Amino acid sequence: MAFRNKGTVTLYTDGACRGNPGPGGWGVLLRYGDTEKTLYGYEPETTNNRMELQAVIEGLRALRRPCRVQLNTDSKYVMQGLNDWLPGWKRNGWKTAAKKAVKNQDLWQALDAEVQRHDIDWRWVRGHSGVPGNERADALANRAIDERVKRAEGA
């Protein structure tokens, strides 16, 4: 796989949910050199874990070609899933060690496909600890929810 860009794309991703389940949002901050792009989206009935996964998927999907990526997430669920659980789930036909169906299988499969396209340096960052990129991703996830709530209220 050829990685055409000479530098690294930095992604910060975050998910948010009001209630669990409840209305949720995801946010992504992408940086390449001096260029920044933000993305965010909304789901009316979801969970925090689904929004964390969706944020990473959407951030990677936004990259039009294979890239070197430094991906920053505050989700231990995403990190542990990728590093510890995913290989076993795939080996076991998307069943857990307890032989139950993997929760959020659709998103794990989408994330697995996106991960294959890129050279990713995964980094966990502590949420709500003042990391500027993570704080912006969090704000975008919450903005997605706030905009929909206001729209639903007719504001």
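A: Let us begin with a pocket. The lining of the largest pocket comprises 6 nonpolar, 2 polar and 5 charged residues. Please bear in mind throughout that the model is a predicted one.

Q: How many residues line the largest pocket, and which lie nearest its centre?
A: There are 13 lining residues, and V9, Y32, A62, L63 and R64 are those nearest the centre. Strands β2 and β3 each contribute at least two residues to the lining. The space in this pocket amounts to about 400 Å³.

Q: What is the average pLDDT of the chain?
A: pLDDT expresses the predictor's confidence in each residue, on a scale from 0 to 100. Here the chain averages 93, and 95% of the residues score at least 70. Confidence is highest in helix α1 (residues 48–61), at 98, and lowest in α4, at a mean of 92.

Q: How is the span of a helix to be judged, taking the 14 residues of α1 as the case?
A: The expected span is 1.5 Å times one less than the number of residues. For α1 this gives 20 Å, and because its end C-alpha atoms are 20 Å apart, the two values agree. Helix α4 (residues 132–152) has 21 residues and reaches 30 Å from first C-alpha to last, close to the expected 30 Å.

Q: Which residues of α4 are buried?
A: A general point on helices comes first. An α-helix has 3.6 residues a turn, so residues three or four places apart point the same way. In α4 the buried residues are G133, N134, A137, D138, L140, A141, N142, A144 and I145. The cover over these buried residues includes β1 (9–17), β2 (22–32) and β3 (35–46). D146 also belongs to α4, but it counts as partly exposed because its relative accessibility is 33%, between the limits of 20% and 50%.

Q: Which residues are buried in α1?
A: They are M51, E52, L53, Q54, A55, V56, I57, G59 and L60.

Q: Where do phi and omega call for attention in this model?
A: Most residues other than glycine have a negative phi, and most peptide bonds are trans. In this model, a cis peptide bond joins N20 and P21, with omega about 20°; P21 is placed in the loop between β1 and β2. W94 is not a glycine, yet its phi is positive, about 60°. K99, also a residue other than glycine, has a positive phi near 70°.

Q: Is W94 buried or exposed?
A: W94 lies in the loop between α2 and α3 and is buried, because its relative accessible area is 13%, under the 20% limit. K99 is found in the loop between α2 and α3 and counts as exposed, because its relative accessibility is 63%, over the 50% limit.

Q: Where is K100 found, and what does it contact?
A: K100 is in the loop between α2 (76–91) and α3 (105–116). At 58% relative accessibility, K100 counts as exposed. Setting aside neighbours within four places in sequence, K100 is in contact with W94 and K95.

Q: How should separation along the chain be set against separation in space?
A: The two should be read together, pair by pair. V69 and R123 are 54 residues apart in sequence, with 10 Å between their C-alpha atoms. K100 and D138 are 38 residues apart along the chain, and their C-alpha atoms are separated by 32 Å. D146 and C67, 79 residues apart along the chain, have C-alpha atoms separated by 32 Å. For C67 and R91, 24 residues apart along the chain, the C-alpha separation is 27 Å. C67 lies in the loop between α1 and β4 and is buried, with a relative accessible area of 7%.

Q: What surrounds V69, and in which strand is it found?
A: V69 is in strand β4 (residues 68–73) and is buried, with a relative accessible area of 1%. Beyond its neighbours within four places in sequence, V69 is in contact with T8, V9, L11, L60, L63, H118, D119, I120 and D121. Of these contacts, V9 and L63 are among the residues that lie nearest the centre of the largest pocket.

How values were computed
Residues are numbered from 1 along each chain as its sequence is written. This is a predicted model: local features need pLDDT of at least 70, side-chain atom pairs count only at pLDDT 80 or more; totals for chains, interfaces and linings use all residues. Side-chain values use heavy atoms; hydrogens and water are left out. Helices (H or I, at least four residues) and strands (E, at least two) are DSSP runs, numbered from the N terminus. Buried means under 20% relative accessible area, exposed over 50%, partly exposed in between (1.4 Å probe, protein chains only). Contact means heavy atoms within 4.5 Å. On a 1 Å grid over the protein atoms alone, a cavity is a set of points where a 1.4 Å probe fits but cannot get out, and a pocket is an open set with protein on both sides within 12 Å along at least five of seven lines; lining residues have an atom within 4 Å of a point. Grid points are joined across faces, edges and corners, and a volume is the space filled by probe spheres set on the points. Ala, Val, Leu, Ile, Met, Phe, Trp, Tyr, Cys and Pro count as nonpolar, Asp, Glu, Lys and Arg as charged, and the others, Gly among them, as polar.
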